[in-house]
Amino acid sequence: MVDLICVIEHALAYDSASNSFLADKSAKIFVAGHRGLVGSAIVRKLEALGFTNLILRTHADLDLTRQSDVESFFAAERPRFVILAAAKVGGIHANNTYPADFIAVNLQIQTNVIDSSYRHGVKKLLFLGSSCIYPKFAPQPIPEHALLTGTLEPTNEWYAVAKIAGIKMCQAYQIQHSWDAISGMPTNLYGPNDNFHPENSHVLPALMRRFHEAKVRGDKEVVVWGSGSPLREFLHVDDLAGACVFLLEKYSGLEHVNVGSGKEVTIKELAELVKEVVGFEGELVWDRTKPDGTPRKLMDSSKLAGLGWTPKISLKEGLVDTYKWYLEYVKQ
Ligand SMILES: NC(=O)c1ccc[n+]([C@@H]2O[C@H](COP(=O)([O-])OP(=O)(O)OC[C@H]3O[C@@H](n4cnc5c(N)ncnc54)[C@H](OP(=O)(O)O)[C@@H]3O)[C@@H](O)[C@H]2O)c1
């Protein structure tokens, strides 16, 4: 299988040399999920690069789980490029409560969009997944080839199985139809338009919100769950958007590509940095009776680095930018 991947990757890389993504700024590009964390960053990046023909539909305008609507949309619009950043996403609680939604909605969205893209002449498609596709006990840092080598983390396996099916669907369409469908697997992301919900947000926006609210109330301390020792990797979503453009321009391989910062921080270091950026002057207290979660989760992004892309935004800069956005968001 690895040999087959190499042969096809070589052939596709050669073929794509004449099909630059960046060359035609008037090309029609459908960014699915453009109001989400990832989709909105991709739109910002494409607009900053001078792209003028972005096709955007809200969930209310076009429900991507509805096959006939998606078909009609593609038949009418015929985009040249598609970036698939629409998905049903959520934390452990949501995954545990709505497993049927997580597997069905994601399979429907990606199957409809990938298949319609192929059948309506899309030149190239980028599918986005996440690091949860990898086995629970994958080697650290996690290389791309760890996919399907072990049991998944049970708390989000419904979502992960759908995402793995998306990667495999892109590969299958490449093999059978020589069609340019690629997959990127981002690490933990953060930035403008993140979810700051008090119960179901990720660790970084949750910390930012708590420190901010504690500062506003004049609290003396903020209590954070666990020991602070787990190691995590974070990437600013604007860096991810840059990586997506890079992959669309430079990569046509069969294998998915990890997109990470390559930099680990402990949750303690993260919390202290968020506290400093927010300007909370009280104390940070660790509740060690609460669980820590996986001790380490880092993606191996050396494949992407080898292709020539590295992130630009430091965690500190990214947090300052995100807090600026959050302050505007809470004002509204
Ligand atoms: N956030 C992260 O840390 C992270 C990390 C790694 C990978 N990713 C990946 O990046 C992708 C996007 O994630 P995100 O964080 O940007 O999620 P998000 O902020 O929740 O955005 C998802 C977008 O998809 C839209 N959507 C959902 N169901 C839809 C449907 N049936 N029809 C049309 N649109 C629909 C949502 O619209 P509504 O809100 O109106 O439903 C929303 O705009 C996902 O594939 C995710 O796995 C995210």
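What percentage of the 332 residues of the protein count as buried? The figure is 42%, where a buried residue has 20 or more other C-beta atoms within 10 Å of its own, an exposed one 12 or fewer, and a partly exposed one a number in between, with C-beta atoms placed from the backbone. This is a predicted model, so local features need pLDDT of at least 70 and side-chain atom pairs count only at pLDDT 80 or more, while totals for chains, interfaces and linings use all residues. Residue numbers start from 1 along each chain, as its sequence is written.

Now for the overall build. The C-alpha trace spans about 60 × 45 × 40 Å along its principal axes. A compact globule with 332 residues would have a radius of gyration near 20 Å, and the protein agrees, with 20 Å; the radius is taken over C-alpha atoms, and the globule rule is 2.2 Å times the number of residues to the power 0.38. Taking contacts between residues at least 6 apart in sequence, 83% join residues at least 24 apart, a contact being two C-beta atoms, placed from the backbone, within 7 Å.

As for secondary structure, the protein has 11 helices and 12 strands. These are DSSP runs numbered from the N terminus: helices are H or I with at least four residues, strands are E with at least two. An open sheet brings together 6 strands with parallel pairing, in the order β2-β1-β3-β4-β5-β9; strands pair if DSSP finds at least two bridges between them. At the edges sit β2 (54-55) and β9 (257-259), each pairing on one side only.

From β4 the chain crosses through helix α6 (residues 157-177) to β5 in a right-handed β-α-β crossover, meaning that the path from the first strand over the helix to the second runs clockwise when the strands point away from the viewer.

What about the side chains of β4? K124, L126 and L128 point one way, L125 and F127 the other, and all are buried. Because 5 of the 5 residues of β4 are buried, the strand is largely enclosed by the rest of the structure.
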